[in-house]
Amino acid sequence: MIQLANLSLKKSGKNLIDDVSLKFNHGKMHLILGPNGAGKSTLVKLMSGELKPNIGQVLIDGQELEKTSFKDQAKYRAVLSQNIELSFPLRVSEVVMMGRFPHYESSPKPLDLEICEESMKLFRVDEMRNRNYLTLSGGEKQRVQFARVFAQIWTPLPGRSRLLLLDELLTFLDIYYQYDLMQKIRDFMVKNEDLTVIGVVHDMNIAAKFADTILLLKDAKVFAFGETKNTLNASTIYQVFQVKVEQYFEVK
Amino acid sequence: MNQSNSKVIGLALLVILILISLFSVKFGAVSISIQEIGNAFTHLIQGTEITDLNERIFMQIRLPRVIMGIFVGAALAVGGVLMQALFRNPIVEPGLIGTSSGAAFGAAFYFVLGATFKLNLGEWTLPIAACLGGIVSTMLVFYLSQSKNGGKSSVVSLLLTGIAINALFLSGVGFLSYIARDPQARSITFWNLGTLSGAYWEGLLIVAIVTTFSILLSLRYAKQLNALMLGEQEAQLLGISIFQLKIKILLINVVMVAVATAFVGVIGFVGLIVPHLLRMINGSDNRFLIWSGALLGAIVLTASDLTARLILSPAELPIGIVTSLIGVPVFIILLRRTNYFF
């Protein structure tokens, strides 16, 4: 569970995040939507500790994020960022193993190898395990990053809930993999009830189909937050994006 | 990180290093027989004085020189691995953050103005001057690259500041060469091309201890350096404190490279190519690159030194010329032949 309390971030006079207070419960998938520059990625970076707020707090399981060390955070929280480029050639399996770095000291234990194996299988990158990551296509790279991020939070931790932050998670993926991955994340959540998933997406249809709650951001502020059926409709989409849409199916 | 592959490679490198070291102690301006080597060690063990000329050459000149080459080669190559990993940049070498140009300036200062300023600590004067120069220039790079807000230095600003400070210290060396008298200018030139000819046991001991300690220490940070391949932000999300890692790695590199450079002069190219050769063979895992870099660096430098001694025998070439003259074609051929993809 992650709670944001009066969170604000200002940079050179401009509000990037303006007084956001809300609570993301575990066992749910929360998807963030909003126009370019609304503050979606900034909000994710505040929750991952990459950015520090000017005002307010991020509380994870009731503990202040700023008082937790990077090392401890990495054990229960994984982040999928945009545009990851490797500086040197590495095999796919080596990239996935990086997800286990917070969990072992100098060399991987059998459990770490096993988890990487399962995670690679889940995202169907096990057959390219020995390929150079730098030679993969954008969509393949994205799936390898999914495998790495999931390997990081694969198993539950005593006394802590796990957190998965996914920024622009569907970039580079074709429509098959977009639905496939969203379904896999949902299935993984069902089996791991302590997990909170927060993602940034652009596709309304995907958001409507997979989200438990929707956060609509506009001009660095919360425009709407709550169950999908209460937040995502033709009227709110018009107010946030200035685009007229028609609704063809019921949102659950 | 193919474990069985890296074991085979490690063993092969070790065998090559032993062979090349044996060649290197045996051949040179004076050829030394196995018999004489044996006698020299017998004298050492019995504590008796060596009287034979060849045995003395072996014990006091050849052996320290070869062992010095092994440690300096290891230091330069591992320095290259560390800097390339830290800067996430394949064109980086250990001198990039100002260490070798600062050391060169320190040495040039000693050669040209040492007598004027009455700098005299005997045979230790040159190494101390060079080491101080290297450390001062590196500290300067690190200090100047800190941004005003937050006090964190980004890798790019370190890189740029390093290039600028290198240029500054090299122009200082140029100025000192300009005002130098002929023999002093020659000393500067020779020192800038590197040579193992001045190796002696006391200096060797210092280089050996510092290098061994630094390499063992840097192995502890291999996993963190691997994570850095994803980028600084990603490494931090994997639980690594980037600022601390940066300072530790820079310190290890500065001390290791400044001390080695202080005793043998500036030797280029080893730190750049050795990490790449190993990545071509067995990938980019820094755990592998650090220890195998130490072995391959030692091999490359020992082989270069042997070549430098034999090619114009009994005269000898500065080793920096040989490392570049042989290293560059080998590097380019491998680069074109292998599937080394960025």
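Which side chains meet in a salt bridge at 3.4 Å, N to O? Arg148(A) and Glu234(B). By salt bridge I mean a side-chain nitrogen of Lys or Arg within 4 Å of a carboxyl oxygen of Asp or Glu.

Some ground rules. This is a predicted model: local features need pLDDT of at least 70, side-chain atom pairs count only at pLDDT 80 or more, and totals for chains, interfaces and linings use all residues. Residues are numbered from 1 along each chain as its sequence is written, chains are lettered from A in the order written, and side-chain values use heavy atoms, without hydrogens and water.

Now the interface. Across chain B and chain A, the rule finds one salt bridge. Chain A brings 33 residues to the contact and chain B 28, with contact meaning heavy atoms within 4.5 Å. About 2,600 Å² is buried between the chains; that is accessible area (1.4 Å probe) lost on putting the two parts together, summed over both. Carbon and sulfur atoms give 61% of it. On the chain B side, Lys223(B), Leu237(B) and Leu238(B) supply 26% of the area buried against chain A, more than any other three residues.

Last, Leu113(A). Where is Leu113(A) found? In helix H4 of chain A, residues 110-122. Helices here are DSSP runs (H or I, at least four residues), numbered from the N terminus. Leu113(A) is partly exposed, at 47% relative accessible area. Partly exposed lies between buried, under 20%, and exposed, over 50% (1.4 Å probe, protein chains only). Its C-alpha is 9.6 Å from that of Ser93(A), 20 residues apart along the chain.

Conventions:
Helices (H or I, at least four residues) and strands (E, at least two) are DSSP runs, numbered from the N terminus.
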